[in-house]
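I opened the model to look up two things.

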Amino acid sequence: MPFFIKSKRKQSKSKTKNQRPQVSLSGEPSKRKRKKLRLQNEEIESESEIESDDGNRKADVVTSSDEEETAQEKKLRLAKEYLSNLEQEEADKREEDEIHRDIISHRLKQDLLEQSGKLQKLVADEYEEPSLDDLIVLRGHQLSVTCTVISPDKRHVFSGSKDCSIIKWDAVGGRRLHTIQGGRKGTEDTHTGHTDHVLCLAMSSDGKFLASGGRNKFVLLWNPDTCQLLHKFTGHRDAISGLAFRIGSHQLFSASHDRSVKIWNVDELAYIETLFGHSDAITGIDSLFRDRAITSGGRDASIRIWKVVEESQLVFNGDPGSIDCIAFINESNFVSGSDNNSLSVWSLMKKKPLVTVRNAHQGHDQNGNSSPRTNWITAVAALHNTDLLASGSKDGCIKLWKTSKNYTVLQPLFSIPMVGFVNSLVFSVDGQTLVAGIGQEHKLGRWWRIKEAKNGTRIIKLKKKEA
């Protein structure tokens, strides 16, 4: 009995080692078998220990090699990369500084030339003649369009008309966005808009204010975004014929048929002063960066530059006739158009024009007779600080002109077909758009009527030639 219990213990012990030893008939393995099994187990354990030791040794070797590379080669490599990055950053910084300095220097030179009136970018030869696809027609006014203005961002165009209304247009899509309706005469105290012909529009260079004037003798100030009336300036005794904001400020100049120029502070909604000098109704006005304005005096055949700070004026005398439109080219040069169909370019340094083109808009009168006085120059425009000019009449086209570098030569570039009176012309700031106001009648009267003309605004996209 005791012997049986002992054989069971040894049997269970052998099972734990996953071995099934041979047993004798009595239930106990033989001594030779037990010894062999013990030797095999010892060999297996020793091999596994050796393998584990080898693995540890290999890991130790790898770890030691990594530590050796991190301490020496890796540190050296990182140091070289750091120095290389520093050198690259310094080189980029020097290059950026040089580019930045060049940009600032170029901008300062341009500003200096612009303020002195000597900046002239020769861009006229880069333009190509527009096609019909480059023309957008905006129809909405019932009577002749007399004035137009384009916002500084080129997104909106405003037009005024003899129907006493002002319309805000989407310059890209050609949609009407808002209409400031005109009112009947005698309702000036109750109506928020104009009650007579709208003759002039002007927008500040930052696009925050829109000013309008007309035959009802006052200047209205609007919010261009909402088309809400902000203020009414009163003081002129006759029709408002021209408006101009000084670029970079909210100083507003207004010209009138009462032969005076008034200056307004739009920020303070206040009147500043009145300038006198013309002996006939003022027909046009313009202003640039300096605190001065230029006006055309109609039938007194004079042009005056008003120096506000110096409290003085420069007088330029033209040919007999009426100088109907005026525009600054830069601070030292300007262009004018007359009712004798002549186009002139002037300089501050001379009292007479540098160049005059006679019969600039050729055409015939209603009886088919050729006459220089038939086609009055009704509108002029200049792309500021460039050699590109534009003029309009009633001869069925808008003409673009190129001036020479010294402004002594005026050459025609091309003509844009346009039926009707070209009562207004204005370039966008970047020179990519020309906006024209077209009517069946002249903006100041009813001397002629072109029945086939369509009252409205034209947006002309100006494209440059491909290189």
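**Cavities.** I counted four cavities of 30 Å³ or more. A cavity here is a set of points, on a 1 Å grid over the protein atoms alone, where a 1.4 Å probe fits but cannot get out; lining residues have an atom within 4 Å of a point. Grid points are joined across faces, edges and corners, and a volume is the space filled by probe spheres set on the points. The largest cavity holds about 60 Å³. I listed its lining, which includes D319, I323, W346 and P353. β19 (333-338) and β20 (343-347) each give at least two lining residues. The lining has three nonpolar residues, six polar and one charged.

**Basis.** The model is predicted: local features need pLDDT of at least 70, side-chain atom pairs count only at pLDDT 80 or more, and totals for chains, interfaces and linings use all residues. Numbering runs from 1 along each chain as its sequence is written, and side-chain values use heavy atoms, without hydrogens and water.

**Strand β3.** Six of its six residues are buried, so β3 is largely enclosed by the rest of the structure. Buried means under 20% relative accessible area, with a 1.4 Å probe and protein chains only. H156, F158 and G160 cover one face; V157, S159 and S161 are on the other.

**Partners.** Strands pair if DSSP finds at least two bridges between them. β2 (residues 145-150) runs antiparallel to β3 over five bridges, and T148 bridges to S159. Five bridges also join β3 to antiparallel β4 (residues 166-170). There, V157 has W169 as bridge partner. In the β3-β4 hairpin turn, C164 has a positive phi of about 75°.

Technical notes. On a 1 Å grid over the protein atoms alone, a cavity is a set of points where a 1.4 Å probe fits but cannot get out, and a pocket is an open set with protein on both sides within 12 Å along at least five of seven lines; lining residues have an atom within 4 Å of a point. Helices (H or I, at least four residues) and strands (E, at least two) are DSSP runs, numbered from the N terminus. Ala, Val, Leu, Ile, Met, Phe, Trp, Tyr, Cys and Pro count as nonpolar, Asp, Glu, Lys and Arg as charged, and the others, Gly among them, as polar. Buried means under 20% relative accessible area, exposed over 50%, partly exposed in between (1.4 Å probe, protein chains only).
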